[in-house]
Amino acid sequence: MSITLNREDIVRLCERVEGAQTRTYAIPKLTNEYPDMTIEDGYAVQSELRRRFIEQGHTLVGWKAGLTSKAKMEQMGVNVPSIGFLTDKMARPENSIVSTSDLVHPRVECEVAFVTNKDLAGPGVTAEDVIDATDYVLPAIEIIDSRFSGFKFDLESVVADNGSSARFVGGGRARHPKDVDLRTLGVVMEKNGEVVGMGASAAVLGNPANAVAMLVNILHDLGETLPAGSFVMSGGITEAIAVQPGDNVIARYQDLGSVSVRFGE
């Protein structure tokens with residue numbers, strides 16, 4: 001596959017996605033109008049969105065891998081992982097209140113986050129390369145927000161929408177990746193005191209470091225690298241859980257402590 005959209009179409013779709021994200025409304029999936037749209041087209045729209053956000057004052061702080069667990073792929077009806085970018089304006093402090101009034105379909109998922117201390121560049125990056133370039137790992141909650149009507153979409157549209165990126169929260173206990181078994185970390189997600197999700201980190205491509213390696217290799221295909229100091233979210237361990245004002249979410253991680261976030265209007 002390759003880019004099939006012309007520059008005018010890329011800008012047009014970027015404006016459509018940006019409008020939905022910044023003004024909080026749902027839009028039809030992009031392939032309704034562009035049925036031949038490819039994943040590469042989706043990344044072209046995402047890249048234009050990133051350029052605009054940076055131009056508007058956002059700072060790129062890292063990347064995220066998406067659709068990396070079997071549960072997530074089944075929930076979304078896709079079979080190929082994806083990546084998206086993260087900016088400083090998406091970050092929220094641990095245990096802060098996240099407003100849902102500027103989100104369309106807010107959902108939460110538990111992830112293992114990596115903070116790098118060396119540059120990583122594909123192709124052929126492995127999980128071992130990722131661990132060697134990681135300063136520490138920590139627990140994180142990602143608040144994703146699909147902007148598509150009826151929660152109906154496909155991978156091309158999701159990629160263009162920056163992987164449903166919206167907010168993220170890091171916390172807990174930072175650990176060196178060699179001090180924990182990244183393949184077997186148990187995770188429990190609670191909403192309002194009730195367990196709503198359980199899983200193990202192996203759900204993310206067998207090891208979250210594999211997801212980060214995949215992300216770096218996709219970045220290579222896009223002509224990008226992962227710089228030292230990046231914050232990387234490795235993908236949801238369980239299905240994403242819908243949230244609304246008044247909800248309190250806590251994710252408890254084996255060996256990494258817990259991280260929490262609350263939701264308001």
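With 265 residues, the protein chain would have a radius of gyration near 18 Å as a compact globule, and its value of 17 Å agrees with that. The model is predicted. Its C-alpha trace spans about 50 × 45 × 35 Å along the principal axes. Six helices and twelve strands make up the secondary structure of the chain.

Of the 265 residues, 55% count as buried. The accessible surface comes to about 10800 Å², and carbon and sulfur atoms account for 48% of that surface. Among contacts between residues at least 6 apart in sequence, 76% join residues at least 24 apart.

In soluble globular proteins, nonpolar side chains tend to be buried together. Here the largest nonpolar core holds 80 residues, and Val108, Phe114 and Tyr253 touch the most other members. Helix α6 (residues 208–221) supplies the largest share of this core, nine residues. Tyr253 has contacts beyond its neighbours within four places in sequence: Cys110, Glu111, Val112, Pro139, Ala140, Gly186, Val187, Ile237 and Val259.

**Helix α2**

Helix α2 covers residues 39–55, 17 residues in all, and reaches 24 Å from its first C-alpha to its last, close to the 24 Å expected at 1.5 Å a residue. Twelve of the 17 residues are buried, so α2 is largely enclosed by the rest of the structure. The buried set includes Ile39, Val45, Leu49 and Phe53, and also Asp41, Glu48, Arg50 and Arg52. The buried residues of α2 pack against α1 (7–23), α5 (155–160) and α6, as well as the strands β1 (60–66) and β2 (82–87). After α2 comes Gly57, which has a positive phi, near 110°.

**Strand β1**

Strand β1, one of the elements packed against by α2, is itself mostly covered, with five of its seven residues buried. It pairs with β2 in the antiparallel sense and with strand β9 (residues 231–233) in the parallel sense. The two pairings are set out below.

| Pairing | Sense | Bridges | Residues standing opposite |
|---|---|---|---|
| β1 with β2 | antiparallel | six bridges | Gly62 and Leu86 |
| β1 with β9 | parallel | three bridges | Trp63 and Val232 |

Key. Residues are numbered from 1 along each chain as its sequence is written. This is a predicted model: local features need pLDDT of at least 70, side-chain atom pairs count only at pLDDT 80 or more; totals for chains, interfaces and linings use all residues. Side-chain values use heavy atoms; hydrogens and water are left out. A nonpolar core is a set of buried Ala, Val, Leu, Ile, Met, Phe, Trp, Tyr and Cys residues joined through side-chain atoms within 4.5 Å. Buried means under 20% relative accessible area, exposed over 50%, partly exposed in between (1.4 Å probe, protein chains only). Helices (H or I, at least four residues) and strands (E, at least two) are DSSP runs, numbered from the N terminus. Contact means heavy atoms within 4.5 Å. The expected span of a helix is 1.5 Å times one less than its number of residues. The radius of gyration is taken over C-alpha atoms; the globule rule is 2.2 Å times the number of residues to the power 0.38. Accessible areas come from the Shrake-Rupley method with a 1.4 Å probe; for residues, only the protein chains shown count as cover. Two strands pair if DSSP finds at least two bridges between them.
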